[in-house]
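Here's a short walk through a two-chain model. Have the sequence and the 3D view open, and let's start with a helix.

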Amino acid sequence: MSRLDNAIHELNHIEDVAGRDQWVNNIHPLVKLALTIIYIIIVVSFGKYNLSGLIGMAVYPAAVFILAELSFKDSLKRLKVVLPFVCIVGIFNPFFDRIPIYNIGSFTVTTGMISMLTLVIKGVFSVLASYLLIAITTIEEICFALRLIHVPSIIVTQVMLMYRYISMLIGEVERITKAYSLRAPGQKGIHFKVWGSLVGQLLLRSMDKAEAVYESMCLRGFNGNFYYSEKHKFVMSDIIYFAVWLIILLVFRFVPIVRAFGYIFG
Amino acid sequence: MIDIKNLIFEYDRGIRVLDNISLSCKNGESVGLVGANGAGKSTLLKLLVGIADKYEGEIKVDGLDVNKKNISKIREKTGYVFQDYDSQLFMPKVVDDVAFAPVNYGFAKEEVDRRVDKALTQINIEHLRDRHIYKLSGGEKKLVSIATILSMEPEIILMDEPSIALDPKNRRNLINILNNLGQLKIIASHDLDMIMDTCKRTVLLSGGRIAADGDTREVLSDKELLESAGLELPLRLQK
Ligand SMILES: Nc1ncnc2c1ncn2[C@@H]1O[C@H](COP(=O)(O)OP(=O)(O)OP(=O)(O)O)[C@@H](O)[C@H]1O
Ligand SMILES: [Mg+2]
């Protein structure tokens with residue numbers, strides 16, 4: 001499989017996972033969306049030196065991984081592209097913020113290191129939460145939930161088209177590069193002289209394609225609204241799921257759980 | 001019912017793709033639409049469902065003028081199979097794509113499932129149900145694209161090259177399916193033999209005009225007429 005083929009395969013794989021008939025997959029999409037947003041807000045709201053409190057927030061992604069029976073290894077593999085960027089965000093903190101707190105042997109831990117770690121963990125948790133949302137909710141369900149909270153339909157439609165469209169775009173790139181390499185044998189990569197025209201081709205083709213896909217959706221009843229049948233009425237378990245998580249998240253936010261464990265066992 | 005009067009259409013100013021077309025089709029009719037490459041077959045079908053617009057003249061589908069106001073009502077009644085199956089399909093899995101229309105029209109889950117099953121069975125592709133679309137062969141995609149409109153259970157069916165990319169057995173099967181559908185059908189195709197097997201009436205387009213409109217056997221056996229429009233006799237009538 002070429003790298004592009006692989007990318008399409010990955011995208012489809014995530015959608016397969018999202019469409020499974022697992023218990024968490026069937027929770028109302030609005031509940032999952034709301035919890036993800038609340039979770040990210042809470043994570044971001046931690047003070048920049050509150051490392052021990054923040055670590056407790058791992059409870060949500062960890063639990064969802066288990067509930068949804070997702071593979072942690074596969075997920076890390078998928079996230080490996082994004083995570084380095086998240087880590088770069090905090091990289092300068094240790095240089096600016098150098099008040100020492102304590103020593104481990106000859107190594108001095110400064111406030112800057114703690115704040116860097118906090119920032120990185122915040123980023124990682126937020127990325128993880130968003131990833132988990134996508135992994136347990138299909139894109140149609142997410143769009144449906146976005147419409148329920150009155151995000152304008154034009155934005156929601158853009159989100160969905162973009163998602164639907166990525167794999168087609170990759171497919172198009174693959175076709176063009178294949179056609180190119182068949183007629184330019186023995187060449188490694190694509191000669192820079194033709195980059196311009198290939199990119200131009202790609203742009204034209206993808207615009208046509210995007211238009212055709214949009215037309216095809218409109219012809220089959222799509223009008224910017226997302227309809228879902230009774231599968232998506234709120235039921236008791238949705239409300240309980242939401243309430244339980246809300247309580248857990250708030251407790252972990254405002255009660256210093258990790259430190260408390262430290263006192264009990266330490 | 002489809003009623004077209006004095007239709008004129010151009011994509012780019014000055015180049016008439018359709019020039020003064022008048023055509024009317026009754027419910028239950030099967031109409032073949034033939035003509036050389038670039039004759040305007042696809043364009044005519046696109047105008048009927050409003051994906052090409054800004055025409056002159058009059059187009060009515062089921063008594064409704066084709067315009068912005070009526071277009072969603074018209075589309076609800078009309079199934080349109082694209083010539084290019086690759087752009088018609090956009091969901092990852094066959095079953096999702098076939099279910100797309102019924103879900104969007106707000107049917108309950110049981111009804112959606114019933115329609116999906118029926119459409120897949122009709123086309124003989126139950127085995128493709130859970131397959132990924134990007135991994136299907138060209139012909140399989142064509143069959144799926146036909147199933148996606150059958151699940152709409154439309155009143156009017158417009159097909160652009162439905163038999164393209166199909167092997168002989170699936171082509172024969174498609175002909176049987178088409179003959180069993182009681183709706184008004186317009187089938188644009190270069191497969192004149194298939195048109196002979198499915199359509200009583202044939203419209204021949206040439207240079208943006210209607211060169212002939214009548215009984216399929218008569219139109220498609222008129223060698224001179226066909227050749228003047230850039231076509232040849234159907235294979236079975238050759239020699
Ligand atoms: N989007 C477009 N913009 C400009 N011109 C177009 C566009 N689409 C089609 N045309 C032109 O309109 C004419 C009719 O095209 P159309 O696709 O209707 O032909 P067709 O009869 O379906 O041909 P084919 O048998 O090749 O499918 C052609 O000359 C074509 O070049
Ligand atoms: Mg055409």
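Predicted model: local features only at pLDDT ≥ 70, side-chain atom pairs only at ≥ 80, totals over all residues.

After H9(A) comes His150(A), which has a positive phi, near 65 degrees.

## Ser206(A), inside H11

Next stop is helix H11 of chain A, where you'll find Ser206(A). Is Ser206(A) buried or exposed? Its relative accessible area is 9%, and because the cut-off for buried is under 20%, Ser206(A) counts as buried.

Leaving out residues up to four places away in sequence, Ser206(A) touches Tyr165(A) and Leu169(A). Met168(A) sits 38 residues away from Ser206(A) along the chain, yet their C-alpha atoms are separated by 8.3 Å. As for the side chain of Ser206(A), it reaches the backbone oxygen of Leu203(A) at 3.2 Å.

## Where the chains meet

Now for the interface. On one side, 23 residues of chain A are in contact with 30 residues of chain B. Together the two chains bury about 2300 Å², with 61% of that on carbon and sulfur atoms.

How many salt bridges cross between chain A and chain B? The rule finds 1, and the side chains that meet in a salt bridge are those of Arg220(A) and Asp97(B), at 2.8 Å from N to O. The count of residue pairs in polar contact between the chains is 4, with both partners at pLDDT 80 or more.

Looking at the chain A side, the elements that give two or more residues to it are helix H1 (3–18), helix H10 (153–183) and helix H11 (192–219). H11(A) supplies the largest share, 8 residues. By type, the residues on this side split into 9 nonpolar, 6 polar and 8 charged.

## Helix H7 of chain B

Over in chain B, helix H7 covers residues 168–180.

The buried residues in H7(B) are Arg171(B), Asn173(B), Leu174(B), Ile175(B), Ile177(B) and Leu178(B).

## Thr202(B) in a strand

Last up is Thr202(B), which belongs to strand E9 (residues 201–206) of chain B. With a relative accessibility of 0%, Thr202(B) counts as buried.

Which side chain does the side chain of Thr202(B) meet in a polar contact? That would be Thr216(B), at 2.9 Å. Setting aside residues up to four places away in sequence, Thr202(B) touches Gly32(B), Val34(B), Ile195(B), Ala212(B), Asp213(B), Gly214(B), Thr216(B), Val219(B) and Leu220(B).

How values were computed. Residues numbered from 1 in each chain as written. Chains lettered and ligands numbered in written order. Heavy atoms only, no water. Contact = heavy atoms within 4.5 Å. Buried area = accessible area lost by both parts, 1.4 Å probe. Salt bridge = Lys/Arg side-chain N within 4 Å of Asp/Glu carboxyl O. Polar contact = N/O pair within 3.5 Å; in protein donor to acceptor, adjacent residues only side chain to side chain. Helix = DSSP H or I, 4+ residues; strand = E, 2+ residues; numbered from the N terminus. Nonpolar A, V, L, I, M, F, W, Y, C, P; charged D, E, K, R; others polar. Expected span 1.5 Å × (residues − 1). Buried < 20%, exposed > 50% of the residue type's maximum accessible area, 1.4 Å probe, protein only.
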